[in-house]
Amino acid sequence: MSFRLSNNLLGILNFVTFLLSIPILVAGIWLSRKAITECERFLDKPIIIVGVFLMVVSLAGFVGACCHVKWLLWLYLVVMFILIVLGIAGTIFAFVVTNKGAGRVLSGKGYKEYRLGDYSNWLQKRVSDENNWFKIKSCLVDSKVCSDFHNQHMNESVTEFYKVHLSAIQSGCCKPSNDCQFTFLGPTNWTKGNGVFINNTDCNTWRNDLGTLCFDCQACKAGFIDNLRSSWKKVMVVNIIFLVCLIIVYSVGCCAFSNSRKSMS
(Lines give C-alpha, C1' and ligand atoms only; values in the text may rest on other atoms or scores of the structure.)
Protein backbone atom coordinates (compact mmCIF):
# COMPACT_ATOMS: atom_id res chain seq x y z
CA MET A 1 0.00 0.00 0.00
CA SER A 2 2.80 2.43 1.00
CA PHE A 3 4.66 1.51 -2.21
CA ARG A 4 1.71 2.52 -4.39
CA LEU A 5 0.93 5.61 -2.31
CA SER A 6 4.46 7.04 -2.48
CA ASN A 7 4.84 6.17 -6.17
CA ASN A 8 1.47 7.63 -7.10
CA LEU A 9 2.14 10.80 -5.11
CA LEU A 10 5.58 11.20 -6.73
CA GLY A 11 4.04 10.60 -10.16
CA ILE A 12 1.35 13.27 -9.57
CA LEU A 13 3.89 15.83 -8.29
CA ASN A 14 6.16 15.31 -11.29
CA PHE A 15 3.26 15.40 -13.74
CA VAL A 16 2.27 18.81 -12.36
CA THR A 17 5.89 19.98 -12.67
CA PHE A 18 5.99 18.71 -16.26
CA LEU A 19 2.87 20.72 -17.10
CA LEU A 20 4.39 23.85 -15.50
CA SER A 21 7.58 23.44 -17.56
CA ILE A 22 5.65 23.70 -20.85
CA PRO A 23 4.63 27.41 -20.57
CA ILE A 24 8.15 28.25 -19.30
CA LEU A 25 9.71 26.60 -22.37
CA VAL A 26 7.18 28.21 -24.72
CA ALA A 27 7.86 31.65 -23.16
CA GLY A 28 11.62 31.18 -23.67
CA ILE A 29 11.22 30.17 -27.32
CA TRP A 30 8.80 33.03 -27.98
CA LEU A 31 11.20 35.49 -26.37
CA SER A 32 14.15 34.23 -28.43
CA ARG A 33 12.21 34.88 -31.65
CA LYS A 34 10.66 38.20 -30.66
CA ALA A 35 13.61 39.67 -28.72
CA ILE A 36 14.64 43.14 -29.83
CA THR A 37 16.52 44.68 -26.92
CA GLU A 38 19.71 43.42 -25.23
CA CYS A 39 17.70 42.71 -22.06
CA GLU A 40 15.27 40.42 -23.84
CA ARG A 41 18.06 38.54 -25.64
CA PHE A 42 19.79 38.08 -22.28
CA LEU A 43 16.72 36.40 -20.75
CA ASP A 44 15.65 33.93 -23.45
CA LYS A 45 18.41 31.29 -23.05
CA PRO A 46 18.15 30.93 -19.24
CA ILE A 47 14.37 30.57 -19.51
CA ILE A 48 14.69 27.87 -22.20
CA ILE A 49 17.33 26.01 -20.14
CA VAL A 50 15.14 26.08 -17.02
CA GLY A 51 12.10 24.89 -19.02
CA VAL A 52 13.98 21.99 -20.66
CA PHE A 53 15.62 20.99 -17.37
CA LEU A 54 12.31 20.92 -15.47
CA MET A 55 10.68 18.97 -18.29
CA VAL A 56 13.41 16.29 -18.43
CA VAL A 57 13.72 15.86 -14.66
CA SER A 58 9.96 15.74 -14.05
CA LEU A 59 9.53 13.27 -16.93
CA ALA A 60 12.23 11.03 -15.44
CA GLY A 61 10.56 11.17 -12.03
CA PHE A 62 7.11 10.50 -13.50
CA VAL A 63 8.20 7.51 -15.61
CA GLY A 64 10.39 6.14 -12.82
CA ALA A 65 7.55 6.32 -10.28
CA CYS A 66 4.63 5.15 -12.43
CA CYS A 67 6.48 2.49 -14.46
CA HIS A 68 8.66 1.34 -11.54
CA VAL A 69 11.90 1.97 -13.43
CA LYS A 70 14.45 1.68 -10.65
CA TRP A 71 17.45 3.26 -12.41
CA LEU A 72 15.38 6.28 -13.48
CA LEU A 73 14.23 6.82 -9.89
CA TRP A 74 17.84 6.59 -8.72
CA LEU A 75 18.97 9.13 -11.34
CA TYR A 76 16.05 11.38 -10.42
CA LEU A 77 16.99 11.33 -6.74
CA VAL A 78 20.64 12.13 -7.51
CA VAL A 79 19.62 15.16 -9.59
CA MET A 80 17.17 16.30 -6.90
CA PHE A 81 19.86 16.00 -4.24
CA ILE A 82 22.27 18.10 -6.33
CA LEU A 83 19.50 20.68 -6.87
CA ILE A 84 18.85 20.92 -3.12
CA VAL A 85 22.57 21.35 -2.33
CA LEU A 86 22.96 23.99 -5.07
CA GLY A 87 19.81 25.76 -3.90
CA ILE A 88 21.05 25.97 -0.30
CA ALA A 89 24.52 27.11 -1.43
CA GLY A 90 22.99 29.70 -3.78
CA THR A 91 20.72 31.09 -1.07
CA ILE A 92 23.61 31.43 1.39
CA PHE A 93 25.78 33.08 -1.27
CA ALA A 94 23.02 35.53 -2.23
CA PHE A 95 22.52 36.44 1.43
CA VAL A 96 26.25 37.10 1.93
CA VAL A 97 26.74 39.30 -1.17
CA THR A 98 23.54 41.31 -0.63
CA ASN A 99 23.90 41.80 3.13
CA LYS A 100 26.27 44.78 2.77
CA GLY A 101 25.36 48.26 1.56
CA ALA A 102 22.45 50.70 1.62
CA GLY A 103 21.49 54.13 0.37
CA ARG A 104 22.70 57.22 2.21
CA VAL A 105 20.07 59.60 3.62
CA LEU A 106 20.48 63.24 2.54
CA SER A 107 19.38 66.10 4.76
CA GLY A 108 16.37 67.91 3.32
CA LYS A 109 15.95 65.42 0.44
CA GLY A 110 13.20 62.85 -0.11
CA TYR A 111 15.58 60.48 -1.87
CA LYS A 112 18.79 58.66 -0.98
CA GLU A 113 22.11 58.55 -2.81
CA TYR A 114 24.30 55.52 -3.41
CA ARG A 115 28.06 54.83 -3.33
CA LEU A 116 29.59 51.87 -5.13
CA GLY A 117 32.15 51.28 -2.36
CA ASP A 118 29.37 50.57 0.16
CA TYR A 119 28.49 47.23 -1.48
CA SER A 120 30.17 43.81 -1.56
CA ASN A 121 33.38 43.44 -3.57
CA TRP A 122 31.85 40.63 -5.64
CA LEU A 123 28.97 42.81 -6.85
CA GLN A 124 31.32 45.75 -7.42
CA LYS A 125 33.52 43.63 -9.69
CA ARG A 126 30.52 42.40 -11.68
CA VAL A 127 29.23 45.89 -12.52
CA SER A 128 32.71 47.37 -12.99
CA ASP A 129 33.44 44.92 -15.81
CA GLU A 130 33.06 46.88 -19.07
CA ASN A 131 31.23 44.11 -20.96
CA ASN A 132 28.80 43.49 -18.11
CA TRP A 133 28.07 47.18 -17.61
CA PHE A 134 27.55 47.76 -21.34
CA LYS A 135 24.76 45.14 -21.31
CA ILE A 136 23.26 46.49 -18.09
CA LYS A 137 23.41 50.08 -19.37
CA SER A 138 21.69 49.01 -22.61
CA CYS A 139 18.90 47.48 -20.54
CA LEU A 140 18.50 50.66 -18.49
CA VAL A 141 18.37 52.83 -21.61
CA ASP A 142 15.93 50.47 -23.35
CA SER A 143 13.66 50.45 -20.31
CA LYS A 144 13.39 54.29 -20.59
CA VAL A 145 13.71 54.58 -16.82
CA CYS A 146 15.18 58.10 -17.09
CA SER A 147 12.87 59.22 -19.89
CA ASP A 148 9.87 58.31 -17.74
CA PHE A 149 11.57 59.98 -14.78
CA HIS A 150 11.99 63.17 -16.85
CA ASN A 151 8.36 63.17 -18.00
CA GLN A 152 7.07 62.52 -14.50
CA HIS A 153 8.94 65.38 -12.79
CA MET A 154 9.47 67.91 -15.60
CA ASN A 155 6.89 70.39 -14.24
CA GLU A 156 8.11 70.34 -10.66
CA SER A 157 10.00 73.17 -8.98
CA VAL A 158 13.36 72.53 -7.34
CA THR A 159 11.70 72.49 -3.90
CA GLU A 160 9.12 69.92 -5.03
CA PHE A 161 11.78 67.82 -6.78
CA TYR A 162 13.97 67.59 -3.68
CA LYS A 163 11.03 66.18 -1.72
CA VAL A 164 10.13 63.32 -4.12
CA HIS A 165 11.01 59.71 -3.44
CA LEU A 166 13.25 58.25 -6.14
CA SER A 167 14.16 54.65 -6.80
CA ALA A 168 17.83 53.66 -6.46
CA ILE A 169 18.27 53.58 -10.25
CA GLN A 170 16.55 56.97 -10.74
CA SER A 171 18.69 58.56 -8.05
CA GLY A 172 21.95 57.07 -9.33
CA CYS A 173 21.46 57.18 -13.10
CA CYS A 174 19.02 60.00 -13.91
CA LYS A 175 20.35 62.92 -11.88
CA PRO A 176 23.78 64.20 -10.76
CA SER A 177 25.13 63.53 -7.28
CA ASN A 178 24.31 65.96 -4.49
CA ASP A 179 28.11 66.42 -4.08
CA CYS A 180 28.25 68.26 -7.41
CA GLN A 181 26.08 71.14 -6.20
CA PHE A 182 24.71 71.69 -9.73
CA THR A 183 21.90 74.19 -10.34
CA PHE A 184 18.51 72.57 -10.97
CA LEU A 185 16.81 73.53 -14.25
CA GLY A 186 14.81 70.30 -14.69
CA PRO A 187 14.95 66.66 -13.49
CA THR A 188 17.50 65.79 -16.21
CA ASN A 189 18.78 69.30 -16.90
CA TRP A 190 21.36 70.75 -14.51
CA THR A 191 23.87 73.59 -14.83
CA LYS A 192 27.45 72.77 -13.91
CA GLY A 193 29.65 75.12 -11.93
CA ASN A 194 33.23 75.96 -12.78
CA GLY A 195 34.84 73.84 -10.07
CA VAL A 196 36.88 70.63 -10.41
CA PHE A 197 35.18 67.79 -8.60
CA ILE A 198 38.08 65.87 -7.09
CA ASN A 199 36.07 63.92 -4.52
CA ASN A 200 33.39 62.70 -6.91
CA THR A 201 34.29 61.87 -10.51
CA ASP A 202 30.59 61.44 -11.33
CA CYS A 203 30.28 65.22 -11.50
CA ASN A 204 32.49 65.33 -14.59
CA THR A 205 30.74 62.28 -16.08
CA TRP A 206 27.25 63.85 -15.97
CA ARG A 207 25.71 65.01 -19.28
CA ASN A 208 22.35 66.74 -19.89
CA ASP A 209 21.57 64.30 -22.70
CA LEU A 210 18.81 61.73 -22.06
CA GLY A 211 20.88 59.02 -23.72
CA THR A 212 23.89 59.69 -21.47
CA LEU A 213 22.94 61.43 -18.19
CA CYS A 214 24.77 59.52 -15.45
CA PHE A 215 24.61 56.02 -16.95
CA ASP A 216 28.42 55.79 -16.77
CA CYS A 217 28.57 57.10 -13.20
CA GLN A 218 29.66 55.06 -10.20
CA ALA A 219 26.41 56.14 -8.53
CA CYS A 220 24.42 54.52 -11.34
CA LYS A 221 26.25 51.23 -10.80
CA ALA A 222 25.60 51.54 -7.07
CA GLY A 223 21.91 52.28 -7.68
CA PHE A 224 21.66 49.23 -9.94
CA ILE A 225 23.27 47.05 -7.26
CA ASP A 226 20.88 48.37 -4.60
CA ASN A 227 17.93 47.59 -6.87
CA LEU A 228 19.44 44.14 -7.50
CA ARG A 229 19.78 43.57 -3.75
CA SER A 230 16.07 44.23 -3.24
CA SER A 231 15.19 41.83 -6.05
CA TRP A 232 17.52 39.13 -4.77
CA LYS A 233 16.04 39.33 -1.28
CA LYS A 234 12.60 38.67 -2.75
CA VAL A 235 14.03 35.82 -4.84
CA MET A 236 15.61 34.35 -1.69
CA VAL A 237 12.19 34.07 -0.06
CA VAL A 238 10.83 32.29 -3.14
CA ASN A 239 13.96 30.14 -3.25
CA ILE A 240 13.49 29.02 0.37
CA ILE A 241 9.88 28.02 -0.36
CA PHE A 242 11.09 26.20 -3.49
CA LEU A 243 13.74 24.38 -1.43
CA VAL A 244 11.15 23.23 1.10
CA CYS A 245 9.03 21.86 -1.78
CA LEU A 246 12.09 20.15 -3.27
CA ILE A 247 12.93 18.50 0.05
CA ILE A 248 9.34 17.23 0.40
CA VAL A 249 9.37 15.81 -3.16
CA TYR A 250 12.84 14.34 -2.53
CA SER A 251 11.59 12.65 0.65
CA VAL A 252 8.63 11.15 -1.22
CA GLY A 253 11.06 9.99 -3.94
CA CYS A 254 13.30 8.33 -1.35
CA CYS A 255 10.28 6.46 0.03
CA ALA A 256 9.28 5.34 -3.47
CA PHE A 257 12.82 4.20 -4.25
CA SER A 258 13.13 2.37 -0.92
CA ASN A 259 9.78 0.67 -1.42
CA SER A 260 10.67 -0.34 -4.98
CA ARG A 261 13.83 -2.05 -3.70
CA LYS A 262 11.82 -3.93 -1.05
CA SER A 263 9.24 -5.06 -3.60
CA MET A 264 11.95 -6.48 -5.86
CA SER A 265 13.72 -8.34 -3.06
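Is Gln-124 buried or exposed? Gln-124 is buried, with a relative accessible area of 17%. The cut-off for buried is under 20% relative accessible area. The model described here is predicted.

**Helix H4**

Gln-124 sits in helix H4, which covers residues 121-128. Leaving aside residues up to four places away in sequence, Gln-124 touches Leu-116, Gly-117, Tyr-119 and Ile-225. Asn-121 also belongs to helix H4. Asn-121 and Lys-100 are separated by 21 residues in sequence. In space, their C-alpha atoms are 9.6 Å apart.

**Disulfides**

The structure contains four disulfides. Three of them are set out here, with the S to S distance and the torsion about the S-S bond.

| Pair | S to S distance | Torsion about S-S | Hand |
|---|---|---|---|
| Cys-173 and Cys-220 | 1.9 Å | about 90° | right-handed |
| Cys-180 and Cys-203 | 2.0 Å | about -95° | left-handed |
| Cys-214 and Cys-217 | 1.8 Å | about -85° | left-handed |

Take the pair Cys-173 and Cys-220. A disulfide joins these two cysteines. Cys-173 lies in helix H8 (residues 168-173) and Cys-220 in helix H10 (residues 218-264), so the bond ties together parts that are 47 residues apart in sequence. Cys-173 is buried, and Cys-220 is buried as well.

Next comes the pair Cys-180 and Cys-203. Their sulfurs are joined in a disulfide. Cys-180 is in the loop between H8 and strand E3 (183-186), while Cys-203 is in helix H9 (residues 202-205), so this pair links parts that are 23 residues apart in sequence. Cys-180 and Cys-203 are both buried.

Cys-214 and Cys-217 also form a disulfide. The torsion about their S-S bond is about -85°, so the disulfide is left-handed. Both of these cysteines are buried.

A disulfide needs sulfur atoms within 2.5 Å. Cys-245 is partly exposed, with a relative accessible area of 42%.

Cys-255 also has its closest cysteine sulfur in Cys-254. The distance is 7.0 Å, too far for a bond. Cys-255 is partly exposed, with a relative accessible area of 42%.

**Positive phi values**

Lys-144 has a positive phi, near 55°, and is a residue other than glycine. Lys-144 is placed in the loop between helix H5 (130-142) and helix H6 (145-153). The residue is exposed, with a relative accessible area of 53%.

Leu-213 is not a glycine either, yet its phi is positive, at about 40°. Leu-213 lies in the loop between H9 and H10. Its relative accessible area is 0%, and Leu-213 is buried.

**Annotated spans and a nonpolar patch**

Which residues does the UniProt annotation "transmembrane region" cover? In the unreviewed entry, the annotation covers residues 12-31, 43-65, 71-97 and 237-259. Such annotations may be inferred rather than shown by experiment.

Two of these spans can be described from the model. Residues 71-97 are 100% helix and 0% strand. The end C-alpha atoms of residues 71-97 are 39 Å apart. Residues 237-259 are likewise 100% helix and 0% strand. For residues 237-259, the end C-alpha atoms lie 34 Å apart.

A nonpolar surface patch of about 830 Å² is made by Trp-71, Trp-74, Leu-75, Val-78, Phe-81, Ile-82, Val-85 and Leu-86. Val-78, one of the patch residues, is found in helix H3, residues 70-98. Val-78 counts as partly exposed, at 31% relative accessibility. Patch residues must have over 30% relative accessible area, so Val-78 passes that cut-off with its 31%.

Notes. Residues numbered from 1 in each chain as written. Predicted model: local features only at pLDDT ≥ 70, side-chain atom pairs only at ≥ 80, totals over all residues. Heavy atoms only, no water. Helix = DSSP H or I, 4+ residues; strand = E, 2+ residues; numbered from the N terminus. Buried < 20%, exposed > 50% of the residue type's maximum accessible area, 1.4 Å probe, protein only. Contact = heavy atoms within 4.5 Å. Patch = residues over 30% accessible without salt bridge, like charges linked within 9 Å, V, L, I, M, F, W, Y side chains within 5 Å. Areas by Shrake-Rupley, 256 points an atom, 1.4 Å probe, with all protein chains shown as cover. Salt bridge = Lys/Arg side-chain N within 4 Å of Asp/Glu carboxyl O.
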